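Hello,

Here is the structure I promised to pass on. Please open it, then read the notes below.

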Amino acid sequence: GGAVWSARLLLLSKNHNFPDGIGNHANQLGKYFMEHPFRAYTADIPSMQPSIKWLLGRTYQYCQPLKERGLGGVLLGFYTSPHEPQSIKIALGIEMAPDSNNQINLSTKKADAFGNPGVNVHLDFSEQDQRLWHAGEEIVFDIFKRLQSDEVSKRESLHWSHHHMGGTRMSELAEDGVVDKNLRVFGTDNLYVLSSAGFVTAGVANPPLTITALAHRLSEHITAIP
């Protein structure tokens with residue numbers, strides 16, 4: 001169901017056995033929602049040679065210069081276009097810190113075609129997130145300066161990657177999350193959530209490979225059950 005819809009389905013499951021919804025025993029359901037936001041910076045590079053590539057390169061958590069500065073949560077993507085051969089765009093992204101204030105809950109105003117409540121998503125940047133944005137922007141401007149470009153255009157609006165993560169947080173203890181290490185919903189015997197909804201942190205890489213790894217692990221766990 002993805003992070004949003006997995007949380008919504010469980011929130012909609014209120015009954016006499018689960019008055020707050022299945023998995024919401026500790027009031028953690030829907031919390032710690034995360035995304036991968038980006039801002040774009042563009043500048044003309046005088047010495048730039050035409051390239052047929054679109055993506056020139058990007059960093060991840062294992063980028064050593066960033067890790068050494070405590071900035072593993074900063075992502076830099078470098079892009080060009082044959083239509084603008086002397087221009088480079090740097091996409092600055094951050095790993096959002098898991099924050100319980102960022103959450104999915106049921107809407108009191110919107111309903112689906114069946115009359116069930118829709119969802120509201122609250123998402124804001126923590127102080128740690130703001131620190132990463134600031135540090136990342138300094139790096140971007142420093143790169144353009146070294147490329148001898150002083151006129152940098154910053155796109156103020158954010159780009160969202162539609163990488164929905166969190167909402168059914170994995171935890172060791174029932175009071176800290178929604179699913180256990182095997183993705184089983186606490187308080188149930190046979191209900192599992194296979195989704196990026198269980199992610200504890202977001203990282204700066206796309207989530208599908210991690211979801212696939214969780215799928216293999218869960219299949220092995222379920223087939224091993226007597």
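Leucine 183 sits in the loop between β8 and α4. Helices (H or I, at least four residues) and strands (E, at least two) are DSSP runs, numbered from the N terminus. This is a predicted model: local features need pLDDT of at least 70, side-chain atom pairs count only at pLDDT 80 or more, and totals for chains, interfaces and linings use all residues. Residues are numbered from 1 along each chain as its sequence is written, and side-chain values use heavy atoms, with hydrogens and water left out.

Leucine 183 has a phi near 70°, a positive value in a residue other than glycine. Most residues other than glycine have a negative phi. Is leucine 183 buried or exposed? It counts as buried, at 2% relative accessibility. Buried means under 20% relative accessible area, exposed over 50%, and partly exposed in between (1.4 Å probe, protein chains only).

Histidine 162 also lies in the loop between β8 and α4. Its phi is positive too, near 60°. Histidine 162 is exposed, with a relative accessible area of 63%.

Lysine 181 belongs to the loop between β8 (159-160) and α4 (208-223). Beyond its neighbours within four places in sequence, lysine 181 touches Met170, Ser171 and Arg217. Contact means heavy atoms within 4.5 Å. The C-alpha atoms of lysine 181 and proline 65 are 32 Å apart, and 116 residues separate the two along the chain.

**The whole chain**

The chain has four helices and eight strands. Their order along the sequence is α-β-β-α-β-β-β-β-α-β-β-α. Of its 226 residues, 43% count as buried. The C-alpha atoms fill a box of roughly 70 × 45 × 30 Å, taken along the principal axes. Take the contacts between residues at least 6 apart in sequence: 69% of them join residues at least 24 apart.

Why is helix α1 (residues 2-11) described as largely enclosed by the rest of the structure? Because seven of its ten residues are buried. They are Ala3, Val4, Ser6, Ala7, Arg8, Leu10 and Leu11. These buried residues pack against β5 and β6.

Strands β5 (residues 103-111) and β6 (residues 117-122) run antiparallel, joined by five bridges. Two strands pair if DSSP finds at least two bridges between them. Asparagine 105 has asparagine 120 in β6 as its bridge partner. The hairpin has five residues between the strands, and glycine 115 takes a positive phi near 85° there.

**Pockets**

The largest pocket holds about 370 Å³ of space. A pocket is an open set of points on a 1 Å grid over the protein atoms alone, where a 1.4 Å probe fits, with protein on both sides within 12 Å along at least five of seven lines; lining residues have an atom within 4 Å of a point. Grid points are joined across faces, edges and corners, and a volume is the space filled by probe spheres set on the points.

Which residues lie nearest the centre of the largest pocket? They are Phe38, Tyr79, Ala91, His159 and Ser161, among 21 lining residues. β1 (37-44), β3 (74-81) and β4 (84-94) each supply at least two residues of that lining.

The second largest pocket has a volume of about 180 Å³. It is lined by 14 residues, and Phe199, Thr201, Ala202, Gly203 and Thr210 are the closest to its centre.

Best wishes
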